[in-house]
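Please read it alongside the structure.

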Amino acid sequence: MTTEVGDPYLAEVERTDPQIYRLIKAEEQYQVDSIRLIPSENYTSRAVMEATGSVLANKYSEGYPGKRYYEGQRNVDALETLVQERAKGLFGVGHANVQPYSGSPANLAVYYALLEPGDKIMGLALPHGGHLTHGWGVSATGRFWTSVRYEVDPKTHLIDYDRVRAIAKAERPKIIVAGATAYPRLYDFATFGEIAKGAGAYFLADISHISGLIVAGVHPDPAPYADAIMTTTHKTLRGPRGAMILCKQEHAEAIDKAVFPALQGGPHENTIAGIGVALREAATPDFRAYGRQVVANAKVLAAELRERGFDLVTGGTDNHLILIDLTGKKVIGKKAAKALDRAGIVGNYNTIPFDPRKPFSPSGLRIGTPSVTTRGMKEEEMRRIARWMDEVVAHVDDGDALDRIAAEVRDFCRGFPAPGMHVV
Ligand SMILES: *Cc1c(COP(=O)(O)O)cnc(C)c1O
């Protein structure tokens, strides 16, 4: 049952474009009714959504504060400067560029700024949790630059820093990237920085997944060691879809020129306003408590799953993310992810390190706790979620069981209102 509580925010969409309105509302209901475990997703606050949907979307402001190519920037300059200052303060860096449209173009901008075409990018291999934009072949970053990969250890599935050091020494990359989309442990940024320095390479920390945890003080901070830090703003940081590049002052000019005019035109000042709101929220004690709870929840969820016979890559988690190896459960990742979604629990299939199966149908399932923690769920709820997940994986072909669980999940979710929603 849906209880509409009125949505002034979408009243005009409803009046003028019922088709789009219905789809937005259906998605809203879906986000309310399901346990969202995709570790790169979250729920932003209504304040972030309002700023993102504001009149700032009407602006064109190519350039940077005080150096624009358009008139009419009296408010926009002040806004972008304020957001830059918040980013610098929160992450403790000398320079912040808040204009990148998203994480992928932001990484491209870092390479464009610091490398020559053909230089070597050394990143974690994609099947081991790395991101496409860390030099993988199907990405433009693997086409215009030369890719050098490091992998996780075959036994522990942890980053082997001695191996990373040896590869860096032998290959002499121009940049070393730390960061991943499916690594459930902490990064030793100090060691990455020291390895990069020893190899004469720049060090890029791609903290897209974990920037909220770093701000909350529950993950080591790369700022003292990295030449550049890139983060998306929509994952654990809980802002709008976008990205930031944070860097040492010595790279500021090159980074700024790479973002504009090399790769982008007009910045999305509405998104930048939303980032500003999110950064202010992230500077509060509430957000620190949120980050601690994200990790506490992930640890409990991991332990409960392990108790139910799930194999976890690296045996558990230190952050917001859990990578499940389903080989022992005799279910493939895709099938499990589909059954879970039908039951109202949303994760994604994923490769696991040294996966014997193909990337489009791998053995793993990737889940995480940022969204459920935003809804106020705690350890007790993680136990409940683990029980449902176990039930689903044991009944992937039983539609009736999955639909029954979906109804239970909907009921359960009602007790945890999601921020920014107008349905309950
Ligand atoms: C999400 C992510 C990106 C890319 O961000 P998009 O906004 O999806 O382009 C880059 N690097 C890492 C490690 C990520 O997790």
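R383 and E304 pair through their side chains in a salt bridge, at 3.7 Å from N to O. This pair links distant parts of the chain: R383 sits in helix α15 and E304 in helix α12 (residues 285–307), 79 residues apart. The model is predicted.

- R383 has 34% relative accessibility, so R383 counts as partly exposed.
- E304 is buried, because its relative accessible area is 13% and the cut-off for buried is under 20%.

**Salt bridges across the structure**
- Searching the whole structure gives 23 salt bridges.
- R68, D77, E80 and E269 form one network, joined by salt bridges that share partners.
- Side chains of opposite charge can pair when their charged atoms come close.

**K120 and E171: strand to helix**
- A salt bridge joins the side chains of K120 and E171, at 2.9 Å from N to O.
- K120 belongs to strand β5 (residues 120–124) and E171 to helix α7 (residues 161–171), so this pair ties together parts that are 51 residues apart in sequence.
- K120 is partly exposed, with 27% relative accessible area.
- E171 is also partly exposed, at 32% relative accessibility.

**E28 and K25: within one helix**
- The side chains of E28 and K25 form a salt bridge, with N to O at 3.0 Å.
- Both residues lie in helix α2 (residues 18–33), and they are 3 residues apart, so about one helical turn separates E28 from K25.
- E28 and K25 are both buried.

**V396: a loop residue**
- Where does V396 lie? V396 is in the loop between α15 (379–394) and α16 (399–413).
- Is V396 buried or exposed? V396 counts as buried, because its relative accessibility is 17% and the buried class covers values under 20%.
- Leaving out residues up to four places away in sequence, V396 touches V331, K335, A336, A339 and L402.
- V396 and Y112 are 284 residues apart in sequence, and their C-alpha atoms are 46 Å apart in space.

**Points to keep in view**
- Helix α15 holds R383, the partner of E304 in α12.
- The loop that carries V396 runs between α15 and α16.

Technical notes:
Residues numbered from 1 in each chain as written. Predicted model: local features only at pLDDT ≥ 70, side-chain atom pairs only at ≥ 80, totals over all residues. Heavy atoms only, no water. Helix = DSSP H or I, 4+ residues; strand = E, 2+ residues; numbered from the N terminus. Buried < 20%, exposed > 50% of the residue type's maximum accessible area, 1.4 Å probe, protein only. Contact = heavy atoms within 4.5 Å. Salt bridge = Lys/Arg side-chain N within 4 Å of Asp/Glu carboxyl O.
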